[in-house]
Amino acid sequence: MLRSGLLLGHFWEFGAEEGDEVAGTPRIMTTASWPQVEENTDMATASKRQKTPEMPFVCLTDFQAQARERLSKTTWDYIEGGAGEGFTKEDNIAAFKKIRLRPRYLKDVSEVDTRTIIQGEKISAPICISPTGFHCLAWPDGEMSTARAAQAADICYITSTYASCTLEDIVATAPRGLRWFQLYVQRDRQLNKQLIQRVESLGFKALVITVDVPITGNRRHDIRNQVDLKTNLLLKDLRSPKEIDALTEVVAAVKGKIEVYLDGGIRTGNDVLKSLALGAKCVFLGRPILWGLACKGERGVEEVLNILKNEFHTSMTLTGCRSVAEINRDLIQFSRL
């Protein structure tokens, strides 16, 4: 049976114009193998000949910077662009900076457990993957790499209606993964029914229904790049014959009757903890997943998730929370700045 819940956030999708499947693939730089040092060669000279190892990725913004270098401008604008002036996207990030966490000391935090349960399913941490479209623009295997990384991390992956891989391929590559499906409700009710029946038969456990997109937003980057999303989205699974501060308000409104999830602006483990303290059951990542995918494919997505998990574990430890159940509103204070 498919379950339902409330996911608070703005989901965005991006598509490709004709020919962009080439321009949008990662530009992977090849490097020569390390030079062999001949006998009796001066070591100082040899060290200069050796290529300096790449710096490790230590935070999500490291992946962001590298992804921008690897992707074409058109693809990068799809991923990073927002609608209109884009201030909502910036506000999502800035909102977390207004919140301060109260540390808790002299508590036994020798063991901290980040595991939780969403819709009756156990996950390793309240950090999951939100629906974003056309992952093949960031990496050749697209959503298949994302699904494998989610399965390895033991978290939930919401597959987008606008996935660039077929649902069957996504399921086959990560058969044990927890997967939900994001649905744009179509005017053709029969098409909606067929798609829902299909994802249910493939083992998707819940539907995530987008309700805040009655029309496509005014995406200025796409207009400048002369990209028409309405005519250039090539869908694998959708076939038709013709074609923020809000968190606390939502939590208060539902009164514990349904689980509330947050998408948008999550960049650090502190952001995750703040979201849960304000009442979210779990958070979902969009752009950071695509940054990781663009940089290293499946391994990049795994690294993004691991970085955020480790940061979240540290945040829990410093606030004296030994389990997710101990995270509450008392940890929060709002900055007076």
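In this predicted model, Val185, Ile209 and Val211 form a nonpolar surface patch. The patch covers about 310 Å². One of its members, Val211, sits in the loop between β9 (206-210) and α9 (220-224). Val211 has a relative accessibility of 73%. The cut-off for an exposed residue is over 50%, so Val211 counts as exposed.

The chain exposes about 18,300 Å². Carbon and sulfur atoms supply 51% of that area. The chain has 337 residues, and 47% of them are buried. Its secondary structure consists of 14 helices and 12 strands.

The largest cavity has a volume of about 60 Å³. Two elements each give two or more residues to its lining: α6 (143-153) and β8 (178-184). Of the elements, α6 gives the most, with three residues. The lining is made up of Ala147, Ala150, Gln151, Ile155, Tyr157, Ile170, Ala174, Gly177, Leu178 and Arg179. By class, seven of the lining residues are nonpolar, two are polar and one is charged. Arg179 is in the lining, and arginine belongs to the charged class. Gln151 and Gly177 are also lining residues; glutamine and glycine both count as polar.

Gln119 is not a glycine, yet its phi is positive, at about 50 degrees. Gln119 lies in the loop that runs between β4 (116-118) and β5 (121-123). Its relative accessible area is 12%. Burial requires a value under 20%, so Gln119 is classed as buried despite its loop position.

Phe134 is the other case. This residue, also not a glycine, has a positive phi of about 55 degrees. Phe134 is located in the loop between β6 (127-129) and α6. The relative accessibility of Phe134 is 6%. Phe134 therefore counts as buried, under the 20% cut-off.

Gln119, in the β4 to β5 loop, is buried. Phe134, in the loop between β6 and α6, is buried as well. Val211, in the loop between β9 and α9, is exposed.

Technical notes: Residues are numbered from 1 along each chain as its sequence is written. This is a predicted model: local features need pLDDT of at least 70, side-chain atom pairs count only at pLDDT 80 or more; totals for chains, interfaces and linings use all residues. Side-chain values use heavy atoms; hydrogens and water are left out. On a 1 Å grid over the protein atoms alone, a cavity is a set of points where a 1.4 Å probe fits but cannot get out, and a pocket is an open set with protein on both sides within 12 Å along at least five of seven lines; lining residues have an atom within 4 Å of a point. Grid points are joined across faces, edges and corners, and a volume is the space filled by probe spheres set on the points. Helices (H or I, at least four residues) and strands (E, at least two) are DSSP runs, numbered from the N terminus. Buried means under 20% relative accessible area, exposed over 50%, partly exposed in between (1.4 Å probe, protein chains only). Patches are made of residues with over 30% relative accessible area and no salt bridge: like charges are joined within 9 Å, nonpolar side chains (Val, Leu, Ile, Met, Phe, Trp, Tyr) within 5 Å. Accessible areas come from the Shrake-Rupley method with a 1.4 Å probe; for residues, only the protein chains shown count as cover. A salt bridge is a side-chain nitrogen of Lys or Arg within 4 Å of a carboxyl oxygen of Asp or Glu.
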